[in-house]
Amino acid sequence: MRMTSSTIRTRWSPKRDKATPQHRRAAKAAAAVAAGALALSLTACGGDDNDSTGNTGDSEETANSVTLPKLDGTSLEIAAVWSGTEQANFKKVLAEFEKRTGAKVTFVPAQDPIVNFIGSKVAGGQPPDIAMLPQPGAIKQAVDRGWAKPLGSEGLKELGENYSQGWQDIGKVGGKQYGVYYKAANKSLIWYNNQVFENAGASEPETWPDLLKTAQTVYDSGVTPFSVGGSEGWTLTDWFENVYLSQAGPEKYDQLAKHEIKWTDPSVKDALTTLAQVWGKPDYIAGGANGALQTDFPASVTQVFTGGDQPKAAMVAAGDFAQVNIPSNMKIGTDAKVFPFPAVGDNGPVVSGGDAAVILQDSKGSQALATWLASPDAAQIQAKLGGYLSPNKNVPNSAYPNAVQQKIAKALIDAGDDFRFDMSDQAPQAFGGTPGKGEWKILQDFLKNPKDIAGTQAKLEAEAAAAYGN
């Protein structure tokens with residue numbers, strides 16, 4: 001499952017009873033998201049009736065707040081990189097659209113990078129009607145290449161009613177609306193096996209030094225501390241971004257994201273040095289670096305929650321969407337718990353990812369499908385299935401299937417317009433979003449050799465300069 005990172009960021013104090021707002025945004029909005037994020041200590045969350053996906057089995061009527069046209073005889077294709085449970089759950093959203101309109105919608109599995117996949121489809125004269133693009137840079141590329149079509153009036157109306165201005169703006173290029181952000185995620189979380197923590201006498205850390213102490217406590221109990229899905233480079237960029245934002249601060253983060261400062265900057269050295277405190281200890285990572293580089297994201301989550309009280313690892317840094325990869329016998333909030341990514345500097349990070357629906361073939365059907373995805377009706381269907389967050393502010397919080405996810409979702413919505421995008425997603429795709437290249441590959445190499453900080457910085461800067469053109 002590819003979960004890239006359109007990113008909401010604010011900051012909270014490591015003291016859980018006191019939120020610290022990020023100064024560049026409104027204090028009220030920052031305090032709201034901090035309050036939601038702080039609640040993620042979550043030591044007593046999760047209903048007894050919920051499985052790992054949070055599916056309660058309720059048979060509530062699907063909400064019906066959006067008007068859609070009749071599309072009998074219309075066939076549509078929608079492409080995304082989603083797989084497994086994520087894909088299966090999204091297909092249920094598409095099935096409801098089919099039921100309401102009479103259209104037939106085919107899900108087209110795409111490969112990373114999706115812009116290249118779309119390009120091949122366009123070249124062959126068979127682009128999908130809609131693509132779910134995980135990066136704002138990918139939306140701009142699709143527009144610049146003449147592939148993307150603007151959202152029509154009905155979709156704009158739905159978007160205006162259901163999304164904060166900030167979420168609308170990130171789907172715009174040149175002032176026109178192209179993207180509908182259907183999905184978001186909080187990626188500044190660390191999930192852990194509660195039985196392992198209890199057996200070890202470990203507690204949830206609030207700061208980076210606390211995390212290292214917790215890791216050592218878990219290690220001393222006989223369990224490897226961390227699982228890392230290193231075969232997918234984006235998981236490593238998430239580690240870096242959480243550390244960098246918290247340690248270097250938002251101004252430096254913004255500058256690095258725009259390549260206004262170089263990757264040879266001392267702040268990058270500091271972040272890589274911090275990462276090496278974990279990545280540089282092979283015994284702290286399940287399978288060591290080589291094992292991590294052969295572990296994909298779903299497996300990195302699953303192996304934390306299988307094996308009884310002797311799993312392959314005790315914890316994994318992963319977004320809320322990791323829930324779909326937690327085995328159904330592990331209760332969210334009881335057996336599988338989560339804490340915020342610890343503060344490296346004065347404050348901790350909050351990072352969110354997302355995917356936007358972008359129309360590639362303009363038609364009544366594709367516009368209707370985009371409108372559907374902008375509605376709370378569509379989002380509510382997938383929200384109930386777990387492992388999903390919507391930036392749609394009119395999705396009722398009660399739609400989320402357990403207390404853990406409800407608090408994560410509330411933090412997302414309470415952020416309002418107080419957000420930023422993930423650094424790698426702001427970068428040109430050749431640097432920040434291509435398997436085996438750029439930042440993904442260089443951080444994979446750094447995982448193998450975390451002593452080579454200067455060399456890693458030099459490689460990052462060379463690749464970034466080439467991709468940004470400066």
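**Strand E8 and its sheet**

Colleague: Is E8 enclosed or open to the outside?

Modeller: In this predicted model, five of the five residues of E8 are buried, so the strand is largely enclosed by the rest of the structure; buried means under 20% relative accessible area, with a 1.4 Å probe and protein chains only. Strands here are DSSP runs of E with at least two residues, and helices are runs of H or I with at least four, both numbered from the N terminus.

Colleague: Which way do the E8 residues point?

Modeller: Leu-189, Trp-191 and Asn-193 point one way, while Ile-190 and Tyr-192 point the other way.

Colleague: And which strands make up the sheet?

Modeller: The sheet is open and mixed, with four strands in the order E9-E10-E8-E11, where pairing requires at least two DSSP bridges between two strands. E8 runs antiparallel to E10 with three bridges, Trp-191 being partnered by Val-316, and E8 is also antiparallel to E11 over five bridges, where Leu-189 is partnered by Pro-340.

Colleague: What does Asn-194 touch?

Modeller: Asn-194 lies in helix H7, residues 194-200, and, leaving aside neighbours within four places in sequence, is in contact with Thr-334, Asp-335 and Lys-337, contact meaning heavy atoms within 4.5 Å.

Colleague: What about confidence, how high is the mean pLDDT?

Modeller: The chain's mean pLDDT, the predictor's confidence in each residue from 0 to 100, is 86, but over residues 1-60 the pLDDT is below 50. Local features need pLDDT of at least 70 and side-chain atom pairs 80 or more, whereas totals for chains, interfaces and linings use all residues. Numbering starts from 1 along each chain as its sequence is written, and side-chain values use heavy atoms, leaving out hydrogens and water.

Terms used. Buried < 20%, exposed > 50% of the residue type's maximum accessible area, 1.4 Å probe, protein only.
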